[in-house]
Amino acid sequence: MLAGIYQILQTPFDDDGAIDWKSFANQIEYCLAAGVQGLVAPALASEFFTLSDAERRAVVEFAGDAIAGRVPFIVGAQGLNRRIALEFAEHACNHDAAALMAMPPYLRKASKAGLREYYRALAQFDRPLIIQNAPAPIGTPLTPRELVDLLAIEDNILYIKEETNPILQHINEILALDTGNCAGVFGGANGAYLIDELKRGACGNMPAGGLVDAQVKIYNLYRAGDIAEAERISYSLLPLLNYATVYGVSFHKFVMWRRGVLKSPFARDPQKISLNADDRRAIEALWPLIAEYTIAEYPFV
């Protein structure tokens, strides 16, 4: 069973926008040192939509080799259509993917019948398949009933990553409607609702960025029954997660850069909101709230 904190890997770039493989390796080691239960790439937080097809394949190959089976590796196989998604899925299965995750086709949305065929095709591989229910404009939000119906069409369609609002109510509804086909629901949204998601029956969360060590602690404490301590750390993390909600990849890459995990905070996302000097000062001022819950700074080497 897949459960826990499955960190979504950023795609690190140098200051000129080329993939920085040394930072990529460093990021994987940082996540493993933080105790993640699994790793995910390439997904929305990986800026997959800015990668060429060749770069997407290279990211999967590099990550599979670097992770080397130490934790499960989930590969994002979403495509513009079924044929392209199948190519990415087959490639992923040839490069150490423990599971596949896919949004519905993006850009030109699929019909209901087309959506069923898309997921039925991706379920042909001998891997658990996760339906990523991501918000627009890239995602195609599906209702809890639609998600539960998709889980029922093939045995390998087992998990949902729910990140459309209201996330918490959707988790309630999915689990209430499920007739035994759902192995688990992961949350998203930077992990901002992690405690509440777990209380409502989620199996874990797929966050992004440089706060994962604190989020692993929250998850592990909660599962060990120390809910009060898990909540205390979660409340300390919320001010920084507010910034993550607004600034997205710019926030995540800045945090990992300031922590020494990435050599550059460069993001390709054409709609990114860049941090200004006051944003960076605010993040620095908030950092002491969570410093004791993080591993030591992880110097770039």
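## Contact criterion and model

Contact means heavy atoms within 4.5 Å. The structure discussed here is a predicted model.

## Overall dimensions

The secondary structure of the chain amounts to eleven helices and eight strands. Its C-alpha trace spans about 50 × 45 × 35 Å along the principal axes. The radius of gyration is 18 Å, which agrees with the value near 19 Å that a compact globule of 301 residues would have.

## The barrel

Strands of a sheet pair through backbone hydrogen bonds, in either a parallel or an antiparallel arrangement. In this chain, eight strands form a closed barrel in the order E1-E2-E3-E4-E5-E6-E7-E8, and the pairing is parallel. One of the pairs joins strand E6 (residues 157-162) to strand E7 (residues 184-187), in the parallel sense and over four bridges. Tyr 159 stands opposite Gly 184 of E7.

Helix H2 (residues 53-67) packs on the sheet and touches strand E2 (38-41) as well as strand E3 (73-76). The direction of H2 makes about 180° with that of E3.

## Helices H3 and H4

Two packed helices are described by the angle and the distance between their axes. For helix H3 (residues 82-93) and helix H4 (residues 112-122), the angle is about 20° and the axes are 10 Å apart. Angles under 35 degrees count as roughly parallel, so H3 is roughly parallel to H4. Their crossing is right-handed.

On the H3 side, the residues in contact are Arg 82, Ala 85, Leu 86 and Ala 89, and these meet Glu 117, Tyr 118, Ala 121 and Leu 122 of H4. By class, the H3 and H4 contact residues divide into six nonpolar, no polar and two charged.

## Helices H9, H10 and H11

Helix H10 has described contacts with both H9 and H11. The axes of helix H9 (residues 227-247) and H10 come within 6 Å and cross at roughly 130°, which makes H9 oblique to H10. H9 contributes Leu 240, Tyr 243, Ala 244 and Tyr 247 to the contact, while H10 contributes Val 249, Ser 250, Phe 251 and His 252. These residues divide into six nonpolar, two polar and no charged.

The axes of H10 (residues 249-258) and helix H11 (residues 277-286) come within 12 Å, with a crossing angle of roughly 60°. That angle makes H10 oblique to H11, and the crossing is right-handed. From H10, the contact takes in Phe 251, Phe 254, Val 255 and Arg 258; from H11, it takes in Arg 280, Ile 283 and Glu 284. The contact of H10 with H11 holds four nonpolar, no polar and three charged residues. Phe 251 of H10 is named in the contact with H9 and also in the contact with H11.

## Backbone features in loops

The bond from Ala 136 to Pro 137 is cis, with omega near 10°. Pro 137 belongs to the loop between strand E5 (129-133) and helix H5 (144-151). The bond from Asn 165 to Pro 166 is likewise cis, with omega near 0°. Pro 166 is in the loop between E6 and helix H6 (167-177).

Leu 107 has phi near 75°, a positive value in a residue other than glycine. This leucine, Leu 107, is located in the loop between strand E4 (99-102) and H4.

Methods
Residues numbered from 1 in each chain as written. Predicted model: local features only at pLDDT ≥ 70, side-chain atom pairs only at ≥ 80, totals over all residues. Heavy atoms only, no water. Axes fitted to C-alpha atoms, helices over the stretch in contact; angles between N-to-C directions. Helix = DSSP H or I, 4+ residues; strand = E, 2+ residues; numbered from the N terminus. Parallel < 35°, antiparallel > 145°, perpendicular 65-115°, else oblique. Left-handed = near helix turned anticlockwise from the far one by under 90°. Nonpolar A, V, L, I, M, F, W, Y, C, P; charged D, E, K, R; others polar. Pairing = 2+ DSSP bridges. Rg over C-alpha atoms; globule rule 2.2 N^0.38 Å.
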